[in-house]
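Dear colleague,

Please find the structure below. My notes on its helices and its pocket follow.

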Amino acid sequence: SVFKMSSNGYEIGAPERTRWYILSVAFMVYTMQSNDWFTFSSIPEEVEDYYHLSKPGDNKVNSVIDLLLNWGPIAFLPVTPFSAYLLSYPVVGLQWTVRAAITLVFLGAFIRCIPSLLVAMNI
């Protein structure tokens with residue numbers, strides 16, 4: 001374990017391979033989440049057509065697309081205390097936090113796929 005109990009609390013030991021593995025998985029999950037949000041801004045015309053948004057003039061992006069891009073930072077604010085609390089657990093905090101992040105990123109990507117699946121199934 002990275003943390004070793006001593007008479008005055010926890011001491012930090014040498015880093016382990018498991019810790020680096022969890023850190024690299026966390027990095028990949030956060031990269032995937034950023035890529036999910038980037039898809040709205042890379043194709044604004046298609047997003048406007050798909051969601052039936054009005055098209056502003058003068059090569060401007062619709063404000064709804066800007067709002068969709070801002071939901072990541074907006075969601076960061078209420079989730080930060082929860083993730084900080086999870087990270088405060090000595091041995092398993094990082095694991096729980098990464099697992100929660102993986103679950104939330106998967107659910108968010110799955111929810112974004114539902115309209116496309118309904119259209120493909122003609123529902």
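Helices H1 and H4 pack at an angle of about 25°, with their axes 10 Å apart. Axes are lines fitted to C-alpha atoms, for helices over the stretch in contact, and angles run from 0 to 180 degrees between N-to-C directions. Helices (H or I, at least four residues) and strands (E, at least two) are DSSP runs, numbered from the N terminus. H1 and H4 are therefore roughly parallel to each other; angles under 35 degrees count as roughly parallel, over 145 as roughly antiparallel, 65 to 115 as roughly perpendicular and the rest as oblique.

This is a predicted model, in which local features need pLDDT of at least 70, side-chain atom pairs count only at pLDDT 80 or more, and totals for chains, interfaces and linings use all residues. Residues are numbered from 1 along each chain as its sequence is written, and side-chain values use heavy atoms, with hydrogens and water left out.

H1 passes H4 in a left-handed crossing. The contact of H1 with H4 divides into 14 nonpolar, 4 polar and 2 charged residues. Here Ala, Val, Leu, Ile, Met, Phe, Trp, Tyr, Cys and Pro count as nonpolar, Asp, Glu, Lys and Arg as charged, and the others, Gly among them, as polar.

H1 (residues 17–42) also packs with H3 (residues 63–87), at an angle of about 165° and with axes 9 Å apart. H1 and H3 are therefore roughly antiparallel to each other. In H1, Trp37, Phe40 and Ser41 meet Ile65, Leu68, Leu69, Trp71 and Gly72 in H3. By class, 6 of these residues are nonpolar, 2 are polar and none is charged.

The axes of H3 and H4 come within 7 Å and cross at roughly 145°. Ser83, Leu86 and Leu87 of H3 and Gly93, Leu94, Trp96 and Thr97 of H4 make the contact.

Finally, which residues lie nearest the centre of the largest pocket? They are Gln33, Ala75, Val79, Leu104 and Val105, among 28 lining residues. H4 (93–120), H1 and H3 each give two or more residues to this lining, and the largest share, 11 residues, comes from H4. The lining has 19 nonpolar, 7 polar and 2 charged residues. On a 1 Å grid over the protein atoms alone, a pocket is an open set of points where a 1.4 Å probe fits, with protein on both sides within 12 Å along at least five of seven lines; lining residues have an atom within 4 Å of a point.

Notes. Contact means heavy atoms within 4.5 Å. A crossing is left-handed if the near helix is turned anticlockwise from the far one by less than a right angle, and right-handed if clockwise.
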